Structures are given as structure tokens and as C-alpha cells.
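Please read them with the structure open.

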Amino acid sequence: MTSIPKTPSRYRSRSDAKTPLTPSIISAFNSISISPQKRSHPADLSNPFITKSRQASPVKRTTGGGIAVSDSFQRQAGGGVIRKGGFETRLDVVSRDYLPPTSQPRPELKRSRSTPATRERTQSTSDNRDRFITTREADDVAATLELMSLNPKTVSPGHTARLAAATGVPLNRRVLAYHEAPPASSSDSTLSQQRELARPLYGRPGELPSSTSSTTNKSRRIPTQPERVLDAPGMVDDFYLNLVSWSIQNIVAVALAESTYVWRADTGIVSHLGEAPEGTYVSSVDFSNDGAYLGVGLGTGEVELWDVEAGQKLRTMGGHQGQIAVLSWNAHILSSGCGDGSIWHHDVRVPRHKVMELLGHTGEVCGLKWRADGELLASGGNDNVVNIWDGRVGDVTEGARGQAKWTKRNHTAAVKAIAWCPWQSSLLASGGGTNDATVHVWNSGTGARLHSLKTPSQVTSIIWSPHKKEILTTHGYPTNAIMVHAYPSLERIAEIRDAHDSRVLYTAVGPAGDVVCTGAGDENLKFWRIWEGAGAKKKKEGKERSSSTTRSGILSIR
């Protein structure tokens with residue numbers, strides 16, 4: 001006979017089929033001798049392998065001879081099934097799992113993100129008070145804080161003692177407690193006054209309060225009203241032009257549309273110097289170092305040279321292809337910045353005036369200034385670039401071109417404001433337009449940026465004080481302000497907001513270095529006394545100020 005291979009026990013599944021108890025099986029059970037000492041097939045009657053859904057055997061077991069069978073054993077055997085050479089009894093199985101005694105449901109703890117989920121609550125479940133914001137009476141708060149104490153029984157006493165000694169917190173003592181308000185200060189106001197006087201020394205640049213007129217600190221005061229106002233009808237409101245210049249002979253030149261005027265500050269006399277050719281306008285003016293000659297740049301690219309004392313035009317130097325937005329003198333060299341980005345050196349002594357061309361800008365040149373010793377020239381343009389050029393011209397031909405010694409690209413807007421420091425020749429300050437509104441201070445010897453100052457609006461001009469370590473800046477929208485800063489801290493010393501009704505675009509400082517002239521698109525020239533003269537007496541200055549205030553009336557340039 002062929003034997004049927006058996007399935008290994010590890011692959012055999014437990015059969016759910018039930019074998020009923022037939023009469024032959026029942027008689028076989030009756031013949032079994034059950035003895036606790038000689039059982040060959042022990043049966044675990046306390047742990048049957050049955051399920052709740054098992055149906056009872058349809059055939060009930062009958063009792064037979066052999067041993068006395070109790071009623072309980074007969075009931076157990078009657079519900080049994082055959083399992084692997086033995087039998088398994090059916091017991092009364094508990095149909096429900098154990099459930100702990102019911103208790104009151106704990107309310108769900110509402111917590112913020114900063115409250116851990118496993119935080120143990122020290123208060124009762126019915127306490128819904130806020131643990132952070134106290135809105136109860138002082139006694140309730142004190143009683144609640146008493147519960148928040150160190151418990152030395154839960155940790156090592158030695159560790160607790162060391163922790164308390166290291167932190168300086170006594171055991172069973174609240175860290176936070178309510179105390180009375182501190183006592184009021186003494187009635188002596190000397191200390192508070194001294195503190196107010198010393199406050200500007202430790203203040204930061206942005207700490208001065210803002211106002212619609214002026215702000216100054218305790219240690220420095222400047223007049224908030226101009227000493228004199230001149231009416232300048234026809235002044236062009238153009239950021240890139242330079243229409244005001246003040247000579248060493250105390251004469252102010254101003255360009256109004258196509259006309260050029262000079263105002264003598266000593267006598268108050270206004271003179272009409274000349275007119276631009278038909279179809280063009282005056283775009284820039286600048287006095288020579290000795291104040292005897294005036295350079296006039298035109299919108300068509302020509303540069304005119306005028307004798308101020310005689311009131312005559314000496315010559316016209318052409319060659320540029322765009323407007324001349326800025327001029328700067330160095331002895332007999334008149335440098336012009338053009339709208340095409342080029343800078344020309346004109347030697348006014350010779351007929352062939354162009355002696356050098358500087359190419360370093362891709363946008364219009366709107367800022368140009370020679371250093372006092374004539375060794376360096378600084379330029380700024382609409383391409384956001386600041387260039388520092390070697391000022392030594394030497395024996396050069398007409399087509400000679402120079403290269404910049406330093407090129408700085410830190411500004412993010414047009415650079416019109418350019419100024420050399422009069423008491424430290426290596427310092428150069430530059431200011432950017434609306435998108436930049438930043439003043440940078442450079443070391444022209446090393447090319448390093450020394451300081452930077454962020455301002456609230458576009459920087460239109462910069463003036464170094466000849467007698468103090470201070471910088472004056474003028475601004476456009478939205479402040480239209482004049483600001484004075486200390487150097488090198490760049491702390492704001494004073495500010496005159498809304499100095500003009502329009503952008504403060506043009507500035508010039510007097511020969512004494514004390515009065516600053518400003519021009520704007522509101523067609524006004526205003527004279528502000530920002531600094532004091534080097535050796536002037538206070539009494540004399542007081543008399544001069546009283547005799548030349550705006551209360552005497554507004555004069556007209558034309």
C-alpha cells in the first residue's frame with residue numbers, strides 16, 4: 001500500500017472541523033481506566049483550546065461502568081471534541097473581558113504647544129484656574145504658590161542640597177514672590193539733569209526723536225530757520241544737475257533755466273551773468289579755485305568759461321555728446337562729466353583744451369570732485385559706481401585716456417553726492433540715490449570702506465565741516481531734510497526736516513565754512529548757519545545774525 005505522506009506539523013493548520021462522539025467512541029471512553037497515578041494521556045482540564053462559537057456535540061455521553069462519573073465531569077465530557085489522540089473538555093468560558101471599576105471621567109486637558117502632554121496636574125480636576133495669568137486674590141495666589149515647593153523625599157537629599165546651594169535658592173521657598181513697589185526717587189533733580197546731559201554721548205544714531213521741523217540733541221543746537229531766503233524762479237528740479245556754486249570771494253552763482261546769475265553776499269547785489277544759446281539750458285556751474293572764473297556746462301555738451309568780474313564769456317569748449325551735469329576745477333584744469341559716461345580734462349590755457357579723457361562709467365556722470373591737493377579726482381555716476389582717479393595729468397597728448405585707481409560698486413543707486421574731507425585728505429564720502437540712501441566713507445589710499453550710514457531718503461549732497469569732525473547731508477523725498485552727523489561715530493547730531501517744500505538738490509558752503517546754501521525745486525535758495533566760524537566772536541556773530549534774518553524779507557535773484 002502506498003503511504004500518504006504526512007504534512008509536517010509546522011505546516012499543519014488547526015482544523016476547525018469537529019468530530020462527533022459516536023457510540024463506539026463513548027464505549028471506548030467507558031473502558032478507559034482513569035487514575036491520577038497511572039495516566040498515560042494527561043489532559044489539561046483547566047485550559048481547553050476551544051472558541052466561544054463552538055457548537056456542542058449532538059450526541060450526549062452515557063455513563064457506563066468502570067468509575068463513578070460525577071454530573072460536572074459528565075457535562076464536561078459531553079461537550080468535548082477529539083484533539084490529537086486525546087480529548088478536550090468544554091468549560092464555561094467567560095464571554096466578557098475584565099473591565100476596571102468605573103470612575104468619573106477626567107476632563108481633557110487643554111494645553112498650548114508649550115505645555116507637555118505628560119504633565120502631572122497637582123491640582124484637582126475641578127480646578128480650571130489659569131496657572132500663568134493670576135486673576136485671583138493675593139491670598140489665593142500665595143496659597144497656590146505654596147504648593148510649588150521642592151520635595152526632598154523624591155530625590156537624593158545631598159543632590160537637592162547641592163542644587164540649592166549652587167543656585168542660591170533656599171529649600172521650600174518660592175522663587176517668585178510679590179513685593180511692594182520700589183521707593184520713589186529723591187527730590188534732588190541734579191542727578192537726573194546730569195544724566196540727561198550725558199545721554200547724547202551714549203545715544204545711538206536712531207535714538208533722536210523725529211519731528212516735522214527739526215531735532216537736535218542736548219549738546220548741540222542749530223537754527224531751525226534759515227538766515228536768508230532768495231527767490232529763484234525757474235530753478236530746475238533735476239537730481240542729476242548741479243546748479244549752485246559758492247566762490248572763495250563770497251559770490252554765489254545759480255543757474256535758472258537758460259540764465260546764469262551771481263549774488264554777492266557782502267553787498268546783496270544780484271547780477272545777470274549770461275544766457276545759454278537758444279535751444280539749450282544751463283546744466284551745471286562751478287567756480288575756479290581763486291573765484292575769478294566760472295565754468296558753465298550746457299545741455300548740448302559745451303562748456304563755457306566766464307570772467308566773473310568783467311561779466312564776459314571768454315571761450316566755449318565743445319566736444320561732448322551729452323549734457324554736462326557736473327564740473328570741477330583743479331588749478332587751470334576744468335573737468336567735466338558728461339551724460340555719455342565720459343570725463344574730460346580741459347586745459348583752459350591752451351586752444352586745444354582737451355588734454356585727457358577718463359572712461360570708467362557706463363551711465364551719466366553726475367558727481368565729480370577734485371581733492372584739494374589735486375592728486376586725486378573722485379566721480380560718481382548713474383551706473384551706481386564710484387571711481388577714484390589719479391589726478392596727475394602730466395605731458396599727455398589729445399587722445400590720452402586714464403584708468404581708475406579704485407572702483408567701488410557698493411551703492412545700489414545713482415551716486416551724485418561726492419565730497420573730500422578737508423582735514424584728512426584720504427577720506428572720501430559718497431551718497432546714493434533713492435534705492436540706496438546710504439553714505440559710505442572710503443580710504444582713498446587703500447580703497448577700503450571705513451564707515452556706512454543708512455539714511456531715510458535719497459542723498460543729494462555731502463559737505464564736510466572745515467572746522468569740526470562732522471558731515472552734513474541733504475536729502476530728497478520723503479524727508480527733504482538737512483542732517484548733521486558726527487564723525488567717525490556717524491551719530492545724528494541734528495536734523496532739519498522739510499527744509500524745503502521740494503527735494504533739497506543743490507548745496508554749497510560759504511568761504512568761512514559756517515553757512516550752507518541749499519537750493520530746491522520749490523524755487524528758493526536758503527542760507528543756513530550750521531557751524532560757527534573758526535575765530536569769530538559770539539557777539540559779532542549774534543549781531544550779524546540779527547541783521548540778516550529772514551524777517552527782513554525774501555530777496556529775488558532775478
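1. Leu368 is found in strand β17; strands here are DSSP runs of E of at least two residues, helices are runs of H or I of at least four, and both are numbered from the N terminus. At 5% relative accessibility, Leu368 counts as buried, where buried means under 20% relative accessible area, exposed means over 50%, and partly exposed lies in between (1.4 Å probe, protein chains only). Leaving out residues up to four places away in sequence, Leu368 touches Val326, Leu327, Ser328, Ser335, Ser336, Gly337, Ile343, Leu377, Ala378 and Ser379; contact means heavy atoms within 4.5 Å. Leu368 and Ala419 are 51 residues apart in sequence, and their C-alpha atoms are 8.6 Å apart in space.

2. On the basis of these values: this is a predicted model, in which local features need pLDDT of at least 70 and side-chain atom pairs count only at pLDDT 80 or more, while totals for chains, interfaces and linings use all residues. Residues are numbered from 1 along each chain as its sequence is written, and side-chain values use heavy atoms, with hydrogens and water left out.

3. Val326, one of the contacts of Leu368, lies in strand β13. Val326 is buried, at 4% relative accessibility. Beyond its neighbours within four places in sequence, Val326 is in contact with residues including Asn242, Ser284, Val365, Cys366 and Gly367. Between the C-alpha atoms of Val326 and Leu298, 28 residues apart along the chain, the separation is 9.9 Å.

4. Thr260 belongs to strand β7 (residues 259-264). Its relative accessible area is 4%, so Thr260 is buried. With residues up to four places away in sequence not counted, the contacts of Thr260 include Val254, His272, Leu273, Val282, Val285, Leu294 and Val296.

5. For the protein overall, there are six helices and 33 strands. Of its 558 residues, 41% count as buried. Among contacts between residues at least 6 apart in sequence, 49% join residues at least 24 apart.

6. Which residues lie nearest the centre of the largest pocket? They are Trp246, Asp286, Lys369, Trp370 and Val509, out of 49 lining residues. The pocket holds about 1,400 Å³ of space. On a 1 Å grid over the protein atoms alone, a pocket is an open set of points where a 1.4 Å probe fits, with protein on both sides within 12 Å along at least five of seven lines, and lining residues have an atom within 4 Å of a point. Points are joined across faces, edges and corners, and the volume is the space filled by probe spheres set on them.

7. Strands that each supply at least two residues of that lining include β5 (244-246), β13 (324-330), β17 (365-370) and β30 (504-509). By class, the lining has 29 nonpolar, 15 polar and five charged residues. Ala, Val, Leu, Ile, Met, Phe, Trp, Tyr, Cys and Pro count as nonpolar, Asp, Glu, Lys and Arg as charged, and the others, Gly among them, as polar.

8. The whole structure has six aromatic pairs; rings of Phe, Tyr and Trp (its six-membered ring) pair if their centres lie within 6.5 Å, with planes under 30 degrees apart counted as stacked, over 60 as edge-to-face and the rest as tilted. Phe239 and Tyr240 are edge-to-face, because their planes stand at 85°, with the centres 5.3 Å apart. Phe239 is buried at 7%, whereas Tyr240 is partly exposed at 25%. Trp246 and Phe527 form an edge-to-face pair, 5.6 Å centre to centre and 85° between the planes. That pair links distant parts of the chain, with Trp246 in β5 and Phe527 in β32 (residues 524-529), 281 residues apart.

9. Two cis peptide bonds deserve a look. One runs from Tyr477 to Pro478, with omega near 5°, and Pro478 lies in the loop between β27 (470-475) and β28 (482-486). Another joins Tyr487 and Pro488, with omega about 10°; Pro488 is in the loop between β28 and β29 (492-496).
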